[in-house]
Amino acid sequence: MRDVPLIDLKAQYAELRDEIRAAVDRVLESQQFILGPEVEALEEEIAAYCGSAQAVGVSSGTDALLVALMALDIGPGDEVVTTPFSFFATAGVIVRLGARPVFADIDPHTFNIDPAGIGAVMTPRTRAIVPVHLFGQAADMEPILRSAAAAGVAVVEDAAQAIGADYRGRRAGSLGRLGCFSFFPTKNLGGFGDGGMVVTDDRDLAARLRRLRMHGFADSYNSSEVGGNFRLDALQAAILRVKLDHLERWHQARQRNAERYRELFTEAGLGDAGSPLVLPPEAGFGRHIYHQFVVRCRHRDRLRQHLAEHGIGSAVYYPVALHLQACFGTLGYHPGDFPIAEAATREVLALPIYPELSDDGARTVVDVTRDFYAG
Ligand SMILES: *Cc1c(COP(=O)(O)O)cnc(C)c1O
């Protein structure tokens with residue numbers, strides 16, 4: 001039995017080696033490493049891919065969220081409503097700006113923020129809502145956009161895991177005021193280092209993002225406000241442009257793998273509600289790009305150990321809910337405040353779903369899981 005890693009970036013690189021080396025060589029010969037034509041070309045391509053008018057390349061997904069909130073002037077005294085079940089950065093950037101993250105619990109099936117809980121936590125200090133399209137599936141945006149419009153606040157999408165996912169015919173990231181993407185190497189579109197992008201239809205906001213990513217420079221060395229160095233490298237842009245051409249094919253392979261898991265787990269008598277392992281349902285809003293295939297399972301940590309003993313990679317996204325992070329203690333949240341998110345932290349397990357996962361690999365994952373619950 002062959003080992004099945006959680007993700008295999010070497011397999012992807014082997015397939016693209018010549019194309020990527022040619023792109024890297026182009027940048028090396030140009031000796032232009034900061035912003036420039038490669039970044040501009042990637043920005044145009046990502047804007048087109050997402051159906052947004054503007055795209056601004058930045059240094060990471062975290063910095064995409066940070067500059068997006070900076071461009072909305074979010075700061076001390078402001079509140080931003082978001083999910084307690086996400087990567088740390090979603091809430092971290094809010095706190096870094098001196099604002100307060102206000103959490104609303106998640107939907108138990110999709111793990112995305114439950115729009116029904118948002119209204120109750122909004123106050124006159126609420127300035128934005130940050131839904132996360134977790135694991136590659138869009139959050140339920142219509143009611144979120146309605147709540148935001150009614151209160152006159154912005155929606156900033158954390159689409160770090162969802163480039164190419166759809167919500168009712170529109171691309172994730174293109175529905176709110178601003179949409180934020182990450183090119184962390186393990187994301188569906190991953191660079192060879194850190195990178196990110198912010199998309200928007202608002203020209204003025206895009207111009208402000210371009211200033212903020214370079215010290216607030218309005219023109220050379222004249223700053224109208226304080227920004228930072230949040231630039232995307234030309235090398236990353238050149239590599240990402242090569243990979244963008246393959247992204248649709250990879251999304252499709254991930255979807256095929258998800259289908260395969262559904263068939264195999266069902267054959268193995270697992271997967272339904274009530275079984276010790278529940279498969280991730282599709283909400284029906286549009287395309288799920290399966291950044292992760294996250295099951296909910298009984299005896300999660302023992303299953304994970306059993307998989308590891310059989311050479312199968314898995315991971316827990318996320319083991320700690322954001323409202324219970326030690327560094328957010330001063331926010332005053334307590335265990336039990338968001339029971340659905342807290343249950344998820346104890347029950348979720350991500351299984352291998354990467355595009356190059358073989359049929360045999362998927363079968364091995366299911367067989368070893370079935371043996372665990374049978375034993
Ligand atoms: C990856 C990720 C980020 C941060 O992106 P980086 O590029 O690692 O800074 C933010 N939010 C979510 C939901 C993510 O998955």
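Reply: Here is a walk around the ligand, then along the helices beside it.

Before we start: this is a predicted model, so local features need pLDDT of at least 70, side-chain atom pairs count only at pLDDT 80 or more, and totals for chains, interfaces and linings use all residues. Residues are numbered from 1 along each chain as its sequence is written, and side-chain values use heavy atoms, with hydrogens and water left out.

Okay, the ligand. It is surrounded by 16 residues, and the closest are G61, T62, Q161, S182 and K187 (to be near, a residue needs a heavy atom within 4 Å). Sorted by class, that shell has six nonpolar, eight polar and two charged residues. Here Ala, Val, Leu, Ile, Met, Phe, Trp, Tyr, Cys and Pro count as nonpolar, Asp, Glu, Lys and Arg as charged, and the others, Gly among them, as polar.

Now zoom in on some atoms. D158 has a polar side-chain atom 2.8 Å from a ligand nitrogen. Taken alone, the ligand exposes 380 Å², and the protein buries 94% of that (areas by the Shrake-Rupley method with a 1.4 Å probe).

Two helices to look for are α3 (61-71) and α4 (89-96), each giving the shell at least two residues; helices are DSSP runs of H or I, at least four residues, numbered from the N terminus. The largest share, three residues, comes from α3.

Follow α3 along. Ten of its eleven residues are buried, so α3 is largely enclosed by the rest of the structure (buried means under 20% relative accessible area, with a 1.4 Å probe and protein chains only). Among the buried ones are G61, D63 and A64. Just after α3, D73 takes a positive phi of about 60 degrees.

Over in α4 you'll find T90, which counts as buried at 2% relative accessibility. Its side chain makes polar contacts with the side chains of S86 (2.7 Å) and D158 (2.8 Å). A polar contact is a pair of N or O atoms within 3.5 Å; within protein, one must be able to donate a hydrogen and the other to accept it, and residues adjacent in sequence count only if both atoms are side-chain atoms.

Terms used. Buried < 20%, exposed > 50% of the residue type's maximum accessible area, 1.4 Å probe, protein only.
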